[in-house]
Amino acid sequence: MELVQNLKAKVKPLGKKIVLPEYKDARVLEATELILKEGFATPVLVGNPEEVKALAQKEGFNVDGAEIINPETYDRLPEMIDIFVEKRAKKGMTPEKAKATMLGDCLFFGAMLVHLGVVDGMVAGSASPTANVLRAALQVVGTKPGLKTVSSSMFVFSDKKQYGDDGMLVFSDCGVIPNPTSEQLADIAMSSVEKARKVGNMANPRVSFLSFSTKGSASSPEVDKVVAAVEMLKERNVDFDFDGELQLDASIEPSVAERKAPGSKVAGKANILIFPDLQAANIGYKLVQRFAGATALGPLIQGLAAPIHDLSRGCFATDIVDVVAIAAAESVE
């Protein structure tokens, strides 16, 4: 995918480090070898170096050049324990529990490496449920300042170049929040714009808050939720254009926009689509994939204070490589 290749070229001279904590998954070892061959980032594995190298050799992969951190002997483990106790003190965290978590759960250890700045991001989930990855990310790294919501974006690429940015659109949220509130929809929009800029190199984000109503053409609690999200975003003084509530056709078709939403800066030319709930978003991107032959990249986690990404447990090693490139690109200030 051209977008990913461009990201690799962008980060290659920057020396980014991305932790892949689940080394016992052979796909992670294969991805490590591929990343090392391409040389766009340094993969960091979590485990006993001898065991990691032995398993890699058994599986037929060369991980020489990867950094391997052993939690049992890591000199910053006491610091990790103190930080985690402080972060989770109200939940009854003790030094003993914190140590057990850091030594026993590679996701928490990896997330703490991100928090400490030892690495620039984390990619995990090939061997763990999404809930486990997000739990470690939220408890250790937390959400980005000014946001309360972790969500996701999907990059959709179509040969219909008249839509979005030369055929590229961002769909959100396609993977995390089943029924977002108005405040969460506003957060999702802000996170999606940042994702589009950093990953998609989108110069002029234009956000449409989708609904089955356009500018008051229908009235219901579902529409009111979207309208309230738009009003909340107006109060945040953001640096991108947005509008809503808009139907899909009014969002991306100029001729329809002229009739339904005249004067809108977004209608007819939206490139970021904020869906009212997860059902609509999931159905929407899969319809575009199947009927329009579009290619989708994601869903990509957003809203965290540092780049941490979740993988499908059905992913390929090449998928891991691509997401590492995305995490590295997102870490660039």
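Me: Where is S153 found?
Reply: Strands are DSSP runs of E, at least two residues, and helices are runs of H or I, at least four, all numbered from the N terminus. S153 is found in strand 5 (residues 151-157). This is a predicted model: local features need pLDDT of at least 70, side-chain atom pairs count only at pLDDT 80 or more, and totals for chains, interfaces and linings use all residues. Residues are numbered from 1 along each chain as its sequence is written, and side-chain values use heavy atoms, leaving out hydrogens and water.

Me: Does S153 count as buried or exposed?
Reply: Buried means under 20% relative accessible area, exposed over 50%, partly exposed in between (1.4 Å probe, protein chains only). S153 has 0% relative accessibility, so it counts as buried.

Me: Which side chain makes a polar contact with S153 at 2.7 Å?
Reply: A polar contact pairs N or O atoms within 3.5 Å; within protein, one must be able to donate a hydrogen and the other to accept it, and residues adjacent in sequence count only if both atoms are side-chain atoms. The S172 side chain is the partner at 2.7 Å. The side chains of S153 and Q302 are also joined, at 2.6 Å.

Me: Which residues is S153 in contact with, leaving aside neighbours within four places in sequence?
Reply: Contact means heavy atoms within 4.5 Å. The partners include V170, F171, S192, K195, L297 and P299.

Me: Which residues of helix 6 meet helix 7?
Reply: From helix 6 come L107, F108, A111, M112 and H115; they meet N132, V133, R135, A136, Q139 and V140 in helix 7.
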